[in-house]
Amino acid sequence: MRRSRVVAVLAAGGFAVAGCSAPGPAEVTFYADGHTINVAPIGNCDIKSGVCAANPGATGKLKVRPGRPVQISVPKEIAETPWKVTVQYVNGKGEPQPLKEDIITSRDRYAYTATPPAKDDQIVVVEIAQASVISRTGDPNDAEAVTTALWSLQVQPA
């Protein structure tokens, strides 16, 4: 559903800016409800080499009880770049709630905790997007952030 759209945008956006590549074997660690999983990117692009890779099977899965947070830990190669956390929730009735997005630009933050707004809310998807800032012309005034890697965690209610 949402993940496939993001992978398509990631791939199209990467090719549109003249290249994509893997930030290496970087993995994001997700921890929730006493369980930990390391997740490889589901898609990544290297703007220097022009190589893109998609790995939709890399999506992580964790069982998490309603109201419980998901903790995220990123390695240095992600923390030192801009990255975004997107969290999708459903309320106690199973109704989708607005996405929560936080952009991390401090370049020294290695962790994030996604917390449901209410005790009966259930986190269903957590995604981490790494960005690179590029300019098509070399002019810093037309620079834009482009997603170069994406990690996804699908939460299964426990």
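## Valine 70 and its contacts

Leaving aside neighbours within four places in sequence, valine 70 is in contact (heavy atoms within 4.5 Å) with Phe30, Tyr31, Ala32, Val64, Tyr112, Thr113, Ala114, Ile123, Val126 and Leu153.

This is a predicted model, in which local features need pLDDT of at least 70 and side-chain atom pairs count only at pLDDT 80 or more, while totals for chains, interfaces and linings use all residues. Residues are numbered from 1 along each chain as its sequence is written, and side-chain values use heavy atoms, with hydrogens and water left out.

## The nonpolar core

Val70 is also named, with Phe30, Ile72 and Val126, among the residues with the most contacts inside the largest nonpolar core, which has 26 residues. A nonpolar core is a set of buried Ala, Val, Leu, Ile, Met, Phe, Trp, Tyr and Cys residues joined through side-chain atoms within 4.5 Å. Buried means under 20% relative accessible area, exposed over 50%, and partly exposed in between (1.4 Å probe, protein chains only). Two or more residues of this core come from each of strand E1 (28–32), E5, strand E6 (70–73), helix H2 (76–79), strand E7 (83–90), strand E9 (111–114), E10 and E11.

In soluble globular proteins, nonpolar side chains tend to be buried together.

## The chain as a whole

The protein chain has 2 helices and 11 strands, in the order α-β-β-β-β-β-β-α-β-β-β-β-β along the sequence. Helices (H or I, at least four residues) and strands (E, at least two) are DSSP runs, numbered from the N terminus.

Of the 158 residues, 41% count as buried. Among contacts between residues at least 6 apart in sequence, 69% join residues at least 24 apart.

## Partners of strand E11

Two strands pair if DSSP finds at least two bridges between them. Strand E10 (residues 122–134) runs antiparallel to E11, and 10 bridges join them; here alanine 129 stands opposite leucine 150. Strand E3 (residues 43–46) pairs with E11 (residues 144–157) over 2 bridges, also in the antiparallel sense, and asparagine 44 stands opposite alanine 149. E5 pairs with E11 in the parallel sense over 5 bridges, with lysine 61 opposite glutamine 154.

## Threonine 59

Threonine 59 is in the loop between strand E4 (51–54) and strand E5 (60–64). Threonine 59 counts as buried because its relative accessibility is 11%. A polar atom of its side chain lies 3.1 Å from the backbone oxygen of proline 56.

Key: Polar contact = N/O pair within 3.5 Å; in protein donor to acceptor, adjacent residues only side chain to side chain.
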